[in-house]
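Hi,

Here is the structure I promised to pass on. Have a look at it first, then read my notes below.

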Amino acid sequence: MVGFLSRRLANYVVLLVIATSVGYLLAAATLNPRFKYDSAQPRPPEAVITKALDDVNMNPEDPGLVRLGRWAKAIVTDFDFGRTLENKSINEEIGRRIWVSVRLLLIASILGSVIGVALGAYSAVNQYRWSDHTITFVSFLVISVPVFVLGVALKQPAISFNDTVGTTVFYIQGEYGAGGGGWGWSAIVDRLAHLVIPTVSLALGLIAVYSRYQRATMLDILGSDFLRTARAKGLRRRQALIKHGLRTAMIPMATFFSYQFVLMFIGAIFTEKIFGWHGMGEFFIDSLGDNDISSVAAVVLFSAVLVLLAGMLADFAYAALDPRVRTGGKRA
């Protein structure tokens with residue numbers, strides 16, 4: 001298993017370098033940092049513009065590969081992602097925002113995967129019953145609604161609930177209340193109250209998607225020989241389904257679980273904007289609007305790292321669920 005994971009890790013590192021380099025070069029070729037200065041009134045002198053762009057390594061007069069080399073060297077030697085177009089530290093921006101996004105994505109991912117798998121397995125075991133039809137209908141309804149529409153739609157029930165109980169239980173704007181931001185007990189409660197609705201908006205989509213995939217994989221397992229063998233050896237139906245059926249049905253889902261975490265980042269862009277969370281999604285949108293090449297490239301690197309971590313999680317999940325990986329068996 002160690003050799004399997006080592007080969008995978010080496011492949012992911014190469015892909016990380018390629019993806020980040022391509023992302024930087026595309027940003028350098030399509031974004032125009034000069035626009036900020038050209039549209040300013042009055043327009044700064046040309047020498048001032050050139051100096052400002054040189055200071056942040058975004059002068060279009062320098063070849064893209066040269067700027068990429070400087071940016072990559074600073075990351076490798078000093079772990080420095082450079083400066084924004086406003087000449088602020090990208091490291092500080094990412095350090096502040098990354099945990100905002102991870103907090104939102106991680107909780108939604110855990111809820112979405114656990115509840116989605118449970119509903120999918122339950123739906124498969126009760127195929128064609130009213131519960132299966134209900135879960136199917138609701139799942140397809142949620143899947144058909146874009147994440148930003150779902151986020152906006154959840155605001156009104158939260159407001160109505162708050163009006164009914166006469167106090168604010170669920171917040172629909174910001175990461176924490178005025179004067180908050182700490183990590184004391186009252187601050188944690190405040191953060192959780194602000195976290196509920198954005199998390200639900202992301203988790204609902206995951207639950208719907210996971211339940212559909214898990215139902216399909218579980219149905220493939222229900223009529224398998226090894227389940228009948230497990231029952232013949234004396235296991236109860238529920239024990240056989242959970243110990244052998246569900247575990248086997250989750251093997252093809254391992255990759256989907258892992259990479260869906262990365263895909264959630266796209267949905268979180270809208271969610272962060274809708275609910276006023278200042279995370280990586282908002283940073284990416286703002287950087288694009290500002291033609292900030294280094295910041296966009298830093299977010300691309302962040303996404304590529306997520307893909308790397310997702311791939312590693314998928315490999316560990318395969319190793320945990322499939323004995324052939326642990327014993328050196330080859331997988332396609």
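Let's start with a proline: Pro42 sits in the loop between helix H2 (35-38) and helix H3 (46-55). Helices here are DSSP runs of H or I with at least four residues, strands are runs of E with at least two, and both are numbered from the N terminus. The bond joining Gln41 to Pro42 is a cis peptide, with omega at about 0°. Further on, the loop between H3 and H4 holds Asn57, which has a positive phi of about 60° although it is not a glycine. For background, most peptide bonds are trans, and most residues other than glycine have a negative phi.

Before you go on: this is a predicted model, where local features need pLDDT of at least 70 and side-chain atom pairs count only at pLDDT 80 or more, while totals for chains, interfaces and linings use all residues. Residues are numbered from 1 along each chain as its sequence is written, and side-chain values use heavy atoms, with hydrogens and water left out.

Now the helix pairs. Axes are lines fitted to C-alpha atoms over the stretch in contact, and angles run from 0 to 180 degrees between N-to-C directions.
- H5 and H8 have axes that come within 5 Å and cross at roughly 35°. Nonpolar means Ala, Val, Leu, Ile, Met, Phe, Trp, Tyr, Cys and Pro; charged means Asp, Glu, Lys and Arg; the others, Gly among them, are polar.
- H5 and helix H6 (residues 130-143) pack at about 140° with axes 8 Å apart, so they are oblique to each other. Oblique is what remains after roughly parallel (under 35 degrees), roughly antiparallel (over 145) and roughly perpendicular (65 to 115). H5 passes H6 in a left-handed crossing.

What is the volume of the largest pocket? About 820 Å³. A pocket is an open set of points on a 1 Å grid over the protein atoms alone, where a 1.4 Å probe fits, with protein on both sides within 12 Å along at least five of seven lines; lining residues have an atom within 4 Å of a point. The volume is the space filled by probe spheres set on the points, which are joined across faces, edges and corners. The lining has 31 residues, with Leu301, Phe302, Val305, Leu306 and Leu309 nearest the centre. Among the elements giving two or more residues to this lining are helix H1 (2-30) and helix H13 (293-321). By class, the lining has 26 nonpolar, five polar and no charged residues.

Cheers

Terms used
Left-handed = near helix turned anticlockwise from the far one by under 90°.
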